[in-house]
Structures are given as structure tokens and as C-alpha cells.
Amino acid sequence: MPTAFDVSETMPVPADAAWSALIDWPSAPRWMPGVERLEGPAEPALGAELRLETVRGARRSVISALTPGRMVELTSETGPVTAVYRYEVSGGERATVRLVADVAATGPLRLLGPVIRRSVRRADGDQLRRLAAVLA
């Protein structure tokens with residue numbers, strides 16, 4: 001699947017605190033642009049559903065891969081567009097968080113894939129910078 005962006009950010013907290021912030025779904029609107037509300041399980045589990053309210057309407061995402069404490073992957077499908085956001089946490093006293101966003105379109109929208117990926121990069125490419133600011 002084509003990558004829209006791949007970014008990393010050093011967090012001002014240890015890896016376990018960075019992980020806790022990533023999976024604190026109700027706090028996500030503080031650092032996820034366009035997300036007004038995010039609901040999900042208290043403990044992430046493979047296949048669990050997250051419900052998002054965004055400026056563009058309600059969506060759902062599924063935890064499609066999980067390594068507790070280290071990596072969570074969220075997959076969303078909106079019509080012919082599939083987005084996979086993979087958050088990886090590493091490090092010790094100052095965590096590094098990496099976000100890789102892969103986005104693909106099918107059908108007639110496939111031709112607009114590059115435009116969609118640029119739009120996703122503009123909208124979400126600074127998530128980790130915003131998360132670091134919230135954690136500071």
C-alpha cells in the first residue's frame with residue numbers, strides 16, 4: 001500500500017507514558033487534527049473497533065495489528081479509500097514514536113491516490129509533533 005507519510009518524533013516522556021498517551025482514546029482530540037471524539041476499548045485488542053467523530057462525520061477504525069506497549073495499527077475504510085496508521089513506540093526515558101500512514105484508493109478514485117495521500121499528509125503529518133507538545 002502506498003505511504004502518505006512516515007514521521008518520527010522524540011517525546012518528552014518515557015516509552016511507557018508515550019504508549020499510554022497513544023491508547024488514551026478520549027484524549028486523542030487534543031493531538032489528532034480533525035478528531036472531535038474517539039471511543040475505544042480501555043485496553044487495546046486485536047480486532048477491536050474504535051469510533052471516531054470527525055469534522056467530516058462519523059467513522060470507524062479497527063485495530064488491525066498490535067504489540068502491546070510497542071505498536072498499534074489502525075485501519076479505516078471510507079468508501080473506496082483505505083488508510084492504515086501504524087504507531088510504533090521505542091526508546092527509554094525519552095521515547096521515540098513513529099507514525100507510518102499508508103493510504104490507497106480503489107476503483108475510479110485510484111487515479112486520485114497521489115492527491116489523497118498529499119491531503120492526508122497535510123492533515124495528519126503533524127500528529128506526533130502535537131502529541132509531544134501535549135505531553136510536555
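Q: Into which classes do the residues lining the largest cavity divide?
A: Rolling a probe the size of a water molecule over the atoms shows where empty space is left. A cavity is a set of points, on a 1 Å grid over the protein atoms alone, where a 1.4 Å probe fits but cannot get out, and lining residues have an atom within 4 Å of a point. In this predicted model, local features need pLDDT of at least 70 and side-chain atom pairs count only at pLDDT 80 or more, while totals for chains, interfaces and linings use all residues. Residues are numbered from 1 along each chain as its sequence is written, and side-chain values use heavy atoms, with hydrogens and water left out. The lining of the largest cavity has 7 nonpolar, no polar and no charged residues (Ala, Val, Leu, Ile, Met, Phe, Trp, Tyr, Cys and Pro count as nonpolar, Asp, Glu, Lys and Arg as charged, and the others, Gly among them, as polar). The lining consists of Leu22, Trp25, Trp31, Met32, Val72, Leu74 and Tyr87.

Q: What volume does the largest cavity have?
A: A volume is the space filled by probe spheres set on the grid points, which are joined across faces, edges and corners. For the largest cavity this comes to about 30 Å³, and the structure holds 1 cavity of 30 Å³ or more.

Q: How many residues line the largest pocket, and which of them lie nearest its centre?
A: A pocket is an open set of points with protein on both sides within 12 Å along at least five of seven lines. Here 28 residues line the largest pocket, and Arg56, Arg59, Tyr85, Val120 and Asp124 lie nearest its centre. Two or more lining residues come from each of S2, S3, S4, S5, S6 and helix H2 (113-124); helices (H or I, at least four residues) and strands (E, at least two) are DSSP runs, numbered from the N terminus. H2 gives the largest share, 5 residues.

Q: Which residues have the most contacts inside the largest nonpolar core?
A: A nonpolar core is a set of buried Ala, Val, Leu, Ile, Met, Phe, Trp, Tyr and Cys residues joined through side-chain atoms within 4.5 Å. Buried means under 20% relative accessible area, exposed over 50%, and partly exposed in between (1.4 Å probe, protein chains only). The largest core has 37 residues, and Met11, Leu22, Leu38, Tyr85, Tyr87 and Val89 have the most contacts inside it. Tyr85 touches, among others, Phe5, Val72, Leu99 and Val120, not counting residues up to four places away in sequence; contact means heavy atoms within 4.5 Å.

Q: Which residues of H3 are buried?
A: They are Gln127, Leu128, Leu131 and Ala132. Their arc of only 135° around the axis puts them on the same side of H3. These buried residues pack against S1, H1, S6, S7 and H2. Arg129, also in helix H3, is partly exposed, at 48% relative accessibility.

Definitions and conventions: The arc is that of the directions from the helix axis to the C-beta atoms.
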